[in-house]
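Hello,

Here is the structure I promised to pass on. My notes follow below.

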Amino acid sequence: MSAASTAFNVNRVKRQLEVWLGKENVSDAEVDKINYSRDAWPLRLLRLGRLIIEAKPDLIVWPQTVEQIQRIVKLANQESIPIIPVSGAGGVAGGILATTGGIIVDVKKMNRVLFLDEESFTVTVEPGILGYELEEYLEARGYTTGHLPSSIYSSALGGFAAARSAGVLSSKYGKIEDMITGLEVVLPTGELLRTKAVPRSSMGPDLKQLFIGSEGTYGIITELTLRIAPSPEETQFASFLFPDLHSGMNAVKQVFRQDLKPALIRLYDENETRFVLSRFKPPSDGACVLNFIYRATKDFVRLEKRTVTKICLEGGAEDLGPGPSKHWWNNRFDLYYPSSMNMGPGMLYDVLDVASSYANLEKMYWEMRKAIEAFGVGTMSHFSHFYPDGGNIYVIFVGHANSPEEVETKYQQIWDAGLEAAHRAGGTLSHQHGVGLLKAPWMPIEHGETGFALLQAIKQYLDPNNIMNPGKLGFGNETSKFPKEGASQ
Amino acid sequence: MTPPNSTALSNTLDDFAKISRLCSLCSRMCRHSCPTHLVTRSDACSPVGRALIIELYRGGKSALTEAAVDRLYQCNLCGACKAWCMPRHELPRIIELSRERVVAEHRAPAGTLELDKNTSEFFNVYGEPHDERFAQLQSILKNQTSTAEIAYFVGCTTAYRHPEIASATHTVLARLGIDFTFLNGEKNEVCCGSPLIRAGFIESAKSLAEQNVKAIKESGAKTILTTCPGCARALKLDYPQLGIHLPKKVKVLHMVEFLVKQSEQLAPLIKSPLQTKQTGSILTMTYHDPCHLGRELGIYEPPRQLLKLIPGADLMEFPHNREYADCCGGGGALPKTFPALAEEITRTRLADTPSASNSYLVSACPNCKLHFTETQNQVKETDLKILDLMEILAQVLKERR
């Protein structure tokens with residue numbers, strides 16, 4: 001698959017786009033392009049902290065209608081110009097970096113709520129509405145999507161779907177793919193695809209799921225219909241301290257076997273438990289905190305709380321009361337602000353988000369820790385999205401290196417070793433953060449040769465000129481695991 | 001740090017290097033609160049975008065190009081970003097300092113040059129004759145004492161655009177039997193300098209500050225009252241940072257701070273609830289927090305406490321209020337640099353007013369009133385009555401016996 005042309009007559013294309021969109025909705029200003037050369041990928045931010053300019057688009061456009069997007073895409077397809085769809089730009093894997101130049105299509109001006117269907121409990125929105133904006137709109141009317149990722153202030157609905165995201169309360173409300181009932185997508189050739197917004201269908205494969213998680217490589221999402229839920233009548237918090245990880249994990253399984261779905265189930269390993277309990281009580285060695293949030297009707301919360309408490313106490317836990325869980329909820333965004341801890345000179349950090357069935361989950365955790373800590377970095381981990389059959393692991397690593405070059409080398413080695421361990425243990429290499437550039441080389445490993453060839457064939461069919469978000473998901477000519485420093489200056 | 005008596009504010013762009021770097025690397029946790037971003041929806045036109053532009057400039061990676069200057073001035077300096085910032089980074093201050101660099105490099109936007117010209121030639125932001133500063137207040141000046149313990153610093157917008165706020169203030173103070181004076185005539189109040197500090201013209205601001213401090217000293221007043229949060233911020237916070245100090249015994253208060261302490265005297269003077277002529281029913285009011293009064297001076301409750309003194313007053317709140325209040329659109333010299341953008345922000349705030357029909361939108365800032373009124377007159381989308389808090393109080397206070 002050949003990459004889209006990176007050499008095009010920017011001025012001519014710009015003039016055409018200005019006619020279609022208005023001058024104020026097109027920019028080739030240097031400071032704008034640099035601002036669009038980043039997401040929240042730690043490696044890109046570490047480089048940006050060194051003022052490394054790379055992955056700049058040639059143009060940025062802010063369309064306001066689907067028709068405008070179709071025109072832009074058709075033009076780009078005719079002239080083989082890369083298109084990078086952007087909404088909130090809150091991703092953590094380099095999924096919107098314009099490593100081949102091209103046009104960034106920022107859909108944030110398409111931020112309307114199109115229809116609130118209070119009979120069906122769905123809402124139809126444009127892709128540029130931020131998660132926070134939609135929740136504010138719904139909350140004022142007594143609803144929530146329940147999709148509350150920690151990036152909710154900075155990420156948008158289009159990105160949620162494109163990156164197949166999960167919110168912190170996903171155990172109750174489901175992930176984005178469970179919520180979306182209908183999609184509209186501008187395909188890479190400019191045609192418009194609309195799937196019916198229905199609860200379910202058996203008319204062949206579910207087309208919308210092809211685009212959820214396609215990270216802009218299969219098209220630009222221009223409309224979404226999502227399920228909504230009533231604002232909770234009652235919210236309560238609970239925390240338990242288990243003597244070890246295994247007993248905590250067993251309690252989680254028991255909770256699902258009782259048919260319960262607390263909004264939050266969050267199990268911390270021993271290292272993160274020490275951090276979580278730092279303002280409460282020092283835990284014994286190996287002890288692990290398990291936090292719950294119950295959000296439902298008062299009656300249901302009472303039932304859930306009583307049953308979960310019984311399971312945890314019988315499982316050998318100490319009841320810590322609501323404190324640690326409530327503290328986490330109230331301060332859950334704090335770690336997302338950059339600090340000298342994670343952005344200081346020589347610092348390196350990131351989060352591996354993997355998942356597996358219960359049969360492999362603990363083994364995967366221990367093997368990943370061993371693989372990552374071998375590089376002399378510290379880890380702390382939590383399991384924050386659970387299912388009846390398994391869960392995810394969030395392995396956070398923080399370390400130091402002596403030079404920027406060593407930071408990058410070590411960063412890549414840690415990722416390679418961590419993902420290799422997860423793959424060996426039978427896990428998926430991303431639960432909710434997506435692929436972007438970071439995990440692009442792992443796509444054939446994740447899906448196997450046959451599976452990845454199928455995804456590539458679909459890409460080839462939909463996007464014969466490979467204009468849509470080149471290099472992401474491992475499609476196209478992008479073979480390096482990371483963009484070369486200073487690429488596309 | 002800049003040594004004392006320097007002509008610059010007591011800190012520089014480089015003093016804030018650590019903060020601007022961290023802001024430039026943030027995952028945009030405050031972007032959703034930035035009024036200019038919410039109109040443009042551009043990531044460059046956002047707090048983090050501006051921080052990155054400043055970092056690129058500081059690091060020698062980008063000059064202050066036309067686009068860079070535009071982004072730095074496409075900011076209301078409203079401080080909403082600070083309310084969403086867990087570490088409470090002072091990004092608006094950093095943007096002000098970056099604007100000083102823009103001015104020093106002779107790249108200031110035309111609208112701000114006009115501000116600077118007007119204040120240096122006419123001592124007010126509107127370019128009106130200085131000797132007409134009190135022209136619209138002649139009726140209340142007639143019986144005014146020339147010396148008093150309390151002086152009312154009127155400010156440019158009240159003097160030249162909304163003198164009714166000064167008249168109302170006069171009424172309120174008179175009803176309370178409080179003797180006060182204006183800084184008129186030879187005492188010569190001039191622009192407080194806040195608009196210039198915000199726009200980056202620090203030298204011009206300093207000159208105005210010195211004139212005002214002299215005027216206040218000569219008046220002999222011990223308390224300076226103002227109805228303008230921008231003036232209050234300048235006199236309370238900016239002047240000391242400029243190294244220009246009022247005598248220690250002089251207190252500066254926004255009128256709501258002063259009046260809330262007079263609540264016991266005020267309450268019995270309130271004659272009746274506000275009523276519409278049409279329906280006779282009590283009107284609802286929505287209080288809009290001015291950015292300088294709220295986020296910069298931390299004054300949120302006194303204006304509400306004063307409005308609640310009115311029997312039967314139905315005080316509504318914007319969905320975004322107090323620390324999270326949205327700007328009226330008039331801040332940061334935006335109406336001078338990007339008027340269409342400013343107007344769009346004002347329209348949004350007007351549209352967000354709860355119970356918009358036939359109710360009062362009350363602020364405690366003449367600039368908020370100016371921008372709300374001008375925009376409403378143009379768009380005519382609501383029948384809100386836009387009043388300053390002093391005007392509401394003047395309407396409900398009866399004569400002392």
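Which residue in S2(B) does B:Tyr152 stand opposite? The residue opposite B:Tyr152 is B:Phe182.

This is a predicted model: local features need pLDDT of at least 70, side-chain atom pairs count only at pLDDT 80 or more, and totals for chains, interfaces and linings use all residues. Residues are numbered from 1 along each chain as its sequence is written, while chains are lettered from A and ligands numbered from 1 in the order in which they are written.

**Sheet in chain B.** Four strands form an open sheet in the order S2-S1-S3-S4, with parallel pairing. Strands (E, at least two residues) and helices (H or I, at least four) are DSSP runs, numbered from the N terminus. Two strands pair if DSSP finds at least two bridges between them. S2 (181–182) and S4 (251–254) of chain B are at the edges with a single partner strand each, so one side of each has no neighbour in the sheet. S1(B), residues 150–153, is joined to S2(B) by 2 bridges.

**Contact between chains.** 28 residues of chain B are in contact with 34 residues of chain A. Contact means C-beta atoms, placed from the backbone, within 7 Å. On the chain B side, H1 (17–24), H3 (47–58) and H4 (66–73) each supply at least two residues. H3(B) gives the most, with 5 residues.

**A:Val61.** Leaving aside neighbours within four places in sequence, A:Val61 is in contact with residues including A:Leu17, A:Ile72 and A:Asp106.

Best wishes

Terms used: Contact = placed C-beta atoms within 7 Å.
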